[in-house]
Amino acid sequence: MSEKILISACLAGFNCKYSGGNNLSEDVRKLYESGRAVPVCPEQLGGLSTPRRCSEIRDGRVFDTEGNDVTEYFEAGALKALAVCRKNGCQKAILKEGSPSCGTRWIYDGTFSHTRIPGRGIFAAMLEQEGTELMNEEEYGGEI
Ligand code: SF4
């Protein structure tokens, strides 16, 4: 049986993005339609609603645009998504770049000024510790 690949659900077109929309990648959607992808949205799994306020990481904590500390939701959701990853034996993940949950190379700096800094989202960091191979939607070119 082919290896299962974990994906950020928004990349397959699920409307789980904070704004209520998605981050559709045609290549990731095709992978999903092939039956090989396991979609997760750690923020929804953490109990956050959709739509929800935009959030960014600052000093290792996650805050929304109103200044609420939402770290516990992000961590709880990441743990649930990690359990899905383990259950399906996924060793690779294609994640939405820049997200405070799913970002693999960079995130926003916590000032809500569209400033990017190197770093990982809460879920991506957990997967990295797990030894999962991470790539973002641009690095995934339709072959895996
Ligand atoms: S948490 Fe991840 S899967 Fe969910 S909307 Fe954000 S980037 Fe997409």
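Student: Between which two strands is the loop where Phe 112 is found?

Tutor: This is a predicted model, and what follows should be read as such. Phe 112 is found in the loop that lies between strand 6, residues 106-108, and strand 7, residues 116-118. Its backbone deserves a look: phi of Phe 112 is near 55°, which is a positive value in a residue other than glycine.

Pro 51 lies between helix 2 (42-45) and strand 3 (55-58).

Four strands form an open sheet with parallel pairing, in the order 2-1-5-8. Strand 2 (37-40) and strand 8 (133-136) are at the edges; each has a single partner strand, so one side of each has no neighbour in the sheet. From one strand to the next, the twist averages 25°. In general, the strands of a sheet pair through backbone hydrogen bonds, in either a parallel or an antiparallel manner. Here, strand 5 (residues 92-95) and strand 8 run parallel and are joined by four bridges. Within this part of the sheet, Lys 92 stands opposite Glu 133 of strand 8.

Helix 1, residues 26-33, lies across strand 1 (5-8), strand 2 and strand 5, and it runs at about 135° to strand 1. Helix 4, residues 122-130, lies across strand 1, strand 2, strand 5 and strand 8. The direction of helix 4 is at about 165° to strand 5.

That leaves the ligand, which sits in the largest pocket. Around the ligand there are 14 residues, and those that come nearest are Cys 10, Cys 16, Cys 41, Glu 43 and Cys 102. Sorted by class, the shell around the ligand consists of seven nonpolar, three polar and four charged residues.

To return to the request, Phe 112 is in the loop between strand 6 and strand 7, with its phi near 55°.

Methods:
Residues numbered from 1 in each chain as written. Predicted model: local features only at pLDDT ≥ 70, side-chain atom pairs only at ≥ 80, totals over all residues. Heavy atoms only, no water. Near = heavy atom within 4 Å. 1 Å grid on protein atoms, 1.4 Å probe; cavity = no way out; pocket = protein on both sides within 12 Å on 5 of 7 lines; lining within 4 Å. Sits in = over half its atoms within 2 Å of the grid points. Nonpolar A, V, L, I, M, F, W, Y, C, P; charged D, E, K, R; others polar. Pairing = 2+ DSSP bridges. Axes fitted to C-alpha atoms, helices over the stretch in contact; angles between N-to-C directions. Contact = heavy atoms within 4.5 Å.
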